[in-house]
Amino acid sequence: MVMSGSIKPDKGVYILERTLDWKQGLAIALGVPLLILPSIGYFTSYVWGFSIIIWILSITQGFIQNFAYGELASRYPEASGLPGFVQVIFKGNTDNEYCASKFIGGFSAWGYWFAWNPVLAIYSILIGTYLHGLIPAFNNVPVYFLSLASGIVIFGFLILINWKGVAGGAKLGYILAVFSITPLMFISISTFFTGSFHVGNITNYMLPLDWQWDSAHIIILLGLMAMAQWSACAWETAAIYAPEYKNPKKDIPKALFVCGIFCIFTFVVVQMACVGTLGVEAIIAEPYSPMLGLAQISLGDIGVLIAIPMLLASMVLIIQTGLLGSSKAMQSMAQEGNLPQILGKSNIHNVPIVAMIIISLFNLVLIGLGNPSTILAASALGYSVANGISLFAYFKASKTAPQVKDDEYFKAPKGWKYLALACGILNIPLYFIGITMINILDFGLQSALIGLIVLLLYVPLWYYSKCEARDRRIMDHQKNLGGSN
């Protein structure tokens, strides 16, 4: 989530320009509704038709969380996105750089970074898979090399497009949205009118025959909800541009509601169309590309021709959303002193170019894992951490945050802090336990360890950044002493 504006050289504080309207904020977030693509088959394999209910519950949770984030973004206009205002809330008034609250605020931002970061690798792998299976010329090329090449080209292209900030990304978002969301809506809705959709494929296959509502299955369900949250609640990207909206009080709810409507369609209607049209067994047989089968059944060969560019455009769109979100989180942490300063270095347009490059290189390594579901499950750990701490921060800020004028900024309805607190508890510890279980059961210790190691990597980086800040203060003090002499 790139913020336009400049930084005061003497204070290192953002001076944000109110240049965005709600449509531009929405354009950056339009990649979020497409996060369903890698999860259609995975959720169906676990809970069959009940996967539709999971998306409904997750979208409802998204409205609760994102209204809270929208208010936080209004209350802290100089903070940079979700990672920024959480760090500010937990920064406190103490001069002790090593205090626990500062670590917690930074750790939340690190979890947010880890949640968005792997999006690049996940969708590069899916692009490689589609190219390998759909284009005869690539049939003999390993999927890994196609995914790697796709990642290199797309990452480089997006860095150039976003070189001057949000405006370039918003324009690209408009274009990609037309070529992705519109066909997705058309293909899914057409199944209800062509006779391809059969409600019995849902009602007769609501849950697996061996499903039981015991403690083990409830933990698994919590893990699935954590993975659903990674997709269906991620439209906080439409809310956190409050410091840049021309009219936050009106722009925030508009962007939230419109993006929420898109999410309701893509996560509920698309899943319903796939299960009702293809059936559970067919989706499980082709977990990575059910939309191609849906297009084939509903519209024939022409449907496949429509679906292929739609899928590719949607993946580039969500890769852009992930690149902007994770790079901004890394820059924010560096500026707050929770990561080494080099990671916050930006170009003349205040775009975190160093973070973008590092994130791109990291994702080229992640592509080697090969399985997008493995990466998604690992990164969902980070998103549970980020949401849990952020919602606790919202509850804390309800009493300590700066007061804002009702006629200028957005505020969630009265008593919203208690709903947010409930969602925070849901994330930590319940979702975290559930997604850890999913990681171990489905992907072995490898996925769980990847997630935990990346999260724990924050500890040495945070300690190094504090030592770096201490050394810088010592050098500045010595220079001042030398100047006084």
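1. Cysteine 263 counts as buried, because its relative accessibility is 0% (buried means under 20% relative accessible area, with a 1.4 Å probe and protein chains only). Keep in mind that this is a predicted model, where local features need pLDDT of at least 70, side-chain atom pairs count only at pLDDT 80 or more, and totals for chains, interfaces and linings use all residues. Residues are numbered from 1 along each chain as its sequence is written, and side-chain values use heavy atoms, leaving out hydrogens and water.

2. How many disulfides are there? Taking a disulfide as a pair of cysteine sulfur atoms within 2.5 Å, the count is zero. Cysteine 263 is in none, and its nearest cysteine sulfur, in cysteine 259, sits 4.5 Å away.

3. Cysteine 423 is buried too, at a relative accessible area of 6%. Its sulfur is too far for a bond, because the closest cysteine sulfur, in cysteine 233, is 7.9 Å away.

4. Now the helices, which are DSSP runs of H or I, at least four residues, numbered from the N terminus. Helix 13 (residues 290–299) and helix 14 (residues 301–335) have axes that come within 7 Å and cross at roughly 150 degrees (axes are lines fitted to C-alpha atoms over the stretch in contact, with angles from 0 to 180 degrees between N-to-C directions). So helix 13 is roughly antiparallel to helix 14 (angles over 145 degrees).

How values were computed
Buried < 20%, exposed > 50% of the residue type's maximum accessible area, 1.4 Å probe, protein only. Helix = DSSP H or I, 4+ residues; strand = E, 2+ residues; numbered from the N terminus. Parallel < 35°, antiparallel > 145°, perpendicular 65-115°, else oblique.
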